[in-house]
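I opened the model and kept notes as I went. The entries follow the order in which I looked things up.

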Amino acid sequence: MNIIDLGLVYKIEVDGASAHVEMTLTSPGCPFGPYLLHQVNEAANGVEGIDEAQVDIVWEPPWGPDKMTEEARLELGFDI
C-alpha cells in the first residue's frame with residue numbers, strides 16, 4: 001500500500017527545481033513517522049529535475065480512513 005492510496009499526502013507543489021510536499025501521519029505517535037518522512041524526502045529529491053525538496057508533516061486536516069482511496073479501504077477492511 002502506498003502513501004498516496006492511504007491518503008497521507010495532502011499537497012505536492014513543484015516550482016522550477018524545488019518541490020514541496022505536505023503530508024500527514026495516521027497519528028502524532030506513528031512509529032513509522034521518521035521513516036516515512038525520510039523516504040518521501042529521498043524520493044522527492046530523486047526526481048529528475050528536482051534539486052531541492054522539502055517535506056512537511058501537517059496535522060490539519062486530521063487524517064482518517066475517508067482520506068484513503070476506495071481500493072485501499074476495501075483492501076484494509078474499512079467499511080465504505
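Entry one. I began at proline 62, which sits in the loop between S3 and helix H2 (70-76); helices (H or I, at least four residues) and strands (E, at least two) are DSSP runs, numbered from the N terminus. The model is predicted, so to speak for its limits: local features need pLDDT of at least 70, side-chain atom pairs count only at pLDDT 80 or more, and totals for chains, interfaces and linings use all residues. Residues are numbered from 1 along each chain as its sequence is written, and side-chain values use heavy atoms, with hydrogens and water left out.

Entry two. I looked up what proline 62 touches, contact meaning heavy atoms within 4.5 Å. Leaving aside neighbours within four places in sequence, I found Tyr10 and Lys67. From proline 62 to asparagine 45 I noted 17 residues in sequence and 26 Å in space, C-alpha to C-alpha.

I turned to the strands, where two count as paired if DSSP finds at least two bridges between them. Strand S1 (residues 9-15) runs antiparallel to S2, with 6 bridges joining them. Lysine 11 is opposite glutamate 22 in S2. The two strands S1 and S2 form a hairpin with 2 residues between them, and glycine 16 in the turn has a positive phi of about 65°. On S3 (residues 52-57), I found parallel pairing with S2 over 6 bridges, with histidine 20 opposite glutamine 54.

I checked threonine 24, in the loop between strand S2 (18-23) and helix H1 (33-45). Is threonine 24 buried or exposed? Threonine 24 is buried, because its relative accessible area is 0%; buried means under 20%, exposed over 50%, partly exposed in between (1.4 Å probe, protein chains only). Not counting residues up to four places away, threonine 24 touches Gly7, Leu8, Tyr10, Val58, Trp59 and Trp63. A polar atom of its side chain lies 2.8 Å from the backbone oxygen of valine 58.

I searched the whole structure for salt bridges (a side-chain nitrogen of Lys or Arg within 4 Å of a carboxyl oxygen of Asp or Glu) and found 2. Side chains of opposite charge can pair when their charged atoms come close. One joins lysine 11 and glutamate 13, at 3.9 Å, N to O. Lysine 11 is partly exposed at 34%, and glutamate 13 is partly exposed at 41%. Lysine 67 bridges to aspartate 66, with the closest N and O atoms 3.5 Å apart. Lysine 67 is partly exposed at 29%, whereas aspartate 66 counts as exposed at 58%.

How values were computed: A polar contact is a pair of N or O atoms within 3.5 Å; within protein, one must be able to donate a hydrogen and the other to accept it, and residues adjacent in sequence count only if both atoms are side-chain atoms.
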